[in-house]
Structures are given as C-alpha cells and as structure tokens.
Amino acid sequence: MVMRKVAVLGATGSIGLSTLDVIERHPDRFSVFALTAHQQVSKLAELCIKFNPVFAVVGSEDAAKLLTAQLPAQIGTKVLSGSKALDDIASHPDVDTVMAAIVGAAGLSSSLAAAKAGKRVLLANKETLVAGGALFMNAVKQSGAELLPIDSEHNAIFQCLPEGYRGSKSNQLDLNGYGINQLLLTASGGPFRDRDLTTLKDVTPAEACAHPNWSMGKKISVDSATMMNKGLEVIEAYWLFGVPIEQIKVVIHPQSIIHSMVSYRDGSVLAQMGNPDMRTPIAFAMDYPARIDAGVSALDFATISQLTFKEPDFNRYPCLALAFTALKAGGAMPAVLNAANEVAVDAFLNEKLGFMEIAAIVENVLEMAKFQAPSNLEDVLAVDRESRLLAKQLIEKQMH
Ligand code: NAD
Ligand code: MG
C-alpha cells in the first residue's frame, strides 16, 4: 500500500476538519505533510500538535509568530506565512495529495499551483473553477494532475459516470459517446425553501447559517440559502465535466439523500445516495479508486421514508438565475459573479446588507463590469479585485 502524503489547505475549516477525521481513521494510508489556516492560530496549533505536519502555513507574519509561540519545542513543524507559502506547499515535491479546502477566491492560487505541479487535487474550493475555470482545467490537462471533486454533487456525478470517463483524466465528457442526456444537480433549497417570500428580506445571519441538512462554513451556508451555491456548482460542473450548459439541470430535493444524478439515453438515471456527511466524498477521493471507511453510517431506508423533488423557483432564488446568466455571458463574468457574491455575503454576515440585497448587489456589479476574458492568474485576480471594489462601493452607497 502506498502511503499518501497529504497537504490540507484550509485545515481549520469544516472540510479541513472532516478531511483530518478521515485521515485519523487510516494512519496506515495517509500522513499529514502540511496544514494551513488563515487566522485561527489556536485551532491550527492544536491540529499541529495532534498531526505533527512538516509545515504549517498561516495568513500573516504576526499569525506565524503566535503559532510558533503556541507549539511545544519537540514539535518539528516549520511555520510559514502568506499566499506564496501556500503555493509552495501545494506544489511541494514531497506532497502527492492536496486537499484544496480554503474558502473563496483566496483558494485559487494554491489550487492552481497544485494542478500545475501534477498533484492528486481534491477540489473542495469551487470558487477556483468559477473564477478561473479555463485556466485551472488547462493546468490539469497539461500537467496530468488527477482532479477529484469533493463538492458532494460533483463527487456524486463522478461516481455515476462510466468507468471509461473516470480513467481518462481528460475531463471532457463525451456525452454522445457515453449515451448521457443530462447531469442532474440536486439542491436542498436551503433553510428558506418554504418560507413566505415577503419575509425573506428579514432573514438574519443566524437563520441563514442554520442549514437543515449540512453543517458547513458560514459563507457556503449563506450561499445555500440564496442558492448561489447551486449556481456556483452549475459553473463548477460546466468546467469539471466539460458539458454544455443546456445539459446541466438543477432539481430541488429537500432531504439531501441523493447527492446528484446522471441521466442516460436509454432511460436509466444513476444516483449516488448517502447520509449528508462530507466525509463520504472526501474518503472516496482520498484513496480513489479504493473505498475506505469514512465513519459515516449507512443509509437507513426505513427511517428516510420519502424522497421528494421539485423545480427551483427563480423568484425565490434570483442568485441561481444570475449564475446561469454569468456562465452564458462567459469570459470574466463568472469571476465577477463570484467576487461580488463574496463581498455581498460578507456584508450580510456583518449585518450591513439585507438578505435579498445580496442578489441585487451581484446583479448590479454584473451589469457594471466590463472586463476582457482573463488569460492568466494575474488577470483573474485583477478581475476579482476590481469586482470586489465595485461591490463594496455599491454597498457603501446603500448604507448612506
Ligand atoms: P470554512 O469557512 O469552514 O473554512 C475555510 C478555511 O479556509 C479555514 O481553514 C480558513 O482558515 C481558511 N481561509 C479562509 N480565508 C482564507 C484566506 N484568505 N487565505 C487562506 N486561507 C483562508 O469553509 P468550508 O465550509 O470548509 O468550505 C471550504 C471550501 O469547500 C469552500 O470553497 C466551499 O465552497 C467548499 N465546500 C464546502 C462544503 C462543506 O460542507 N463545508 C461542501 C462543498 C464544498
Ligand atoms: Mg455542494
């Protein structure tokens, strides 16, 4: 058995901790090479003491000093800081598996570095594909990196695709050749699926972060409530599998038991099911193609009793419509959408913006933005920066 050396980028987050939970179950298969966090120094110190990585990376020099001070002398972990250090870790010759679980466009550069270095990339950071889809997929193709999706929907679709596709690493799905009609992305509809539309403007951050089925970081929880998350996932699926937009469909499935489906020409629909626990897609990807224990209990069909489905309503979820608009417009627009959304969600979480105004800000920024299609990382980062400024200015204006 090969011992995989893993770098967990975003180790203190929801996906990072689930990854470490899976690693801990299999000390014979995985060793932790590096752990990273932005500002959560004490949490990262605890993880370093437990997993004894070769490197730890934090967001700033001050945070690095704090971390070093919290690590006992016998821990050999070297502490680094800044985004260049993240790139170096993600592409380090001693690493073979990189879990890309930083939240937001901040994760783009390190995901790309891992892809360029030809690593096994476990991609949780969907913003990488939304903001830099063409760039990232080209890097994967050129280096021969092994890209495995962690987002539960994409992981489900990957599992339901023919073996020929999974072995090819080309990431271009030959829909006709494989007899595929559609990729069906399931969505829970979030906590406000059945809430009176007129009261959505009063939603508080705490209400938006209380997801009915999944426990996740704050940003993705708000994205699930607006369904921007599903919009980002449509864009993610477009790049990941290389399928036309028209062949990606969103279905609301409140129980989150079916994680997504592939519909075939002969009438077969293959679904991947399981309890909503991210350790399942993480474990699937960590030791792919071997199946390992993830600590997740098996589905109990007697207690599920029913699986229901419905079409998404764009009036309730304007962010979902905006994501389709941005994807169809192409070029820099998905990166603009992502940046404006990150700023708007942050303002909402800090009670500077109402829940329904998130979509309004994103829509306005999309209308104002005039950028050429980015052709390298610097271009994408510039679009991201400029779009953030536009969004911040709009939010400031609203407050006065
Ligand atoms: P989280 O907020 O719980 O954790 C984010 C991690 O990123 C933390 O370790 C944090 O320290 C680090 N981080 C934050 N800002 C950073 C910055 N500027 N530079 C470097 N590091 C930074 O987020 P999460 O819920 O674990 O989500 C991580 C990613 O996985 C997101 O892209 C999300 O969309 C995706 N994802 C999450 C889930 C889930 O169940 N949580 C499911 C599917 C996809
Ligand atoms: Mg998802």
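I take buried to mean under 20% relative accessible area, exposed over 50%, and partly exposed in between (1.4 Å probe, protein chains only). I work on a predicted model, in which local features need pLDDT of at least 70, side-chain atom pairs count only at pLDDT 80 or more, and totals for chains, interfaces and linings use all residues. Side-chain values use heavy atoms, without hydrogens and water.

**Entry 1: ligand 1**

The side chain of Thr12 places an N or O atom 2.7 Å from an oxygen atom of ligand 1. For Ser14, a backbone N or O atom lies 2.9 Å from an oxygen atom of the ligand. Ile15 likewise has a backbone N or O atom 2.9 Å from an oxygen atom of ligand 1.

On its own, ligand 1 has 830 Å² of accessible area, of which the protein covers 86% (Shrake-Rupley method, 1.4 Å probe; for residues, only the protein chains shown count as cover).

**Entry 2: aromatic pairs**

I counted ten aromatic pairs, with rings of Phe, Tyr and Trp (its six-membered ring) pairing if their centres lie within 6.5 Å; planes under 30 degrees apart count as stacked, over 60 as edge-to-face and the rest as tilted.

Phe192 and Phe355 pair edge-to-face, at 5.3 Å centre to centre and 85° between the planes. These two residues are 163 residues apart in the chain. Phe192 is buried at 4% relative accessible area, and Phe355 is buried at 4%.

Phe314 and Phe324 also form an edge-to-face pair, with 6.5 Å between centres and 90° between planes. Phe314 is partly exposed at 42%, whereas Phe324 is buried at 15%.

I noted a cluster in which ring pairs link Phe158, Tyr165, Phe241, Phe284 and Tyr288.

**Entry 3: a charge over a ring**

Lys78 lies over the face of Phe55, 5.1 Å from the ring centre; the rule asks for NZ of Lys or CZ of Arg within 6 Å of the ring centre and within 35 degrees of the ring normal.

Notes:
Residues are numbered from 1 along each chain as its sequence is written. Chains are lettered from A and ligands numbered from 1 in the order in which they are written. A polar contact is a pair of N or O atoms within 3.5 Å; within protein, one must be able to donate a hydrogen and the other to accept it, and residues adjacent in sequence count only if both atoms are side-chain atoms. Helices (H or I, at least four residues) and strands (E, at least two) are DSSP runs, numbered from the N terminus.
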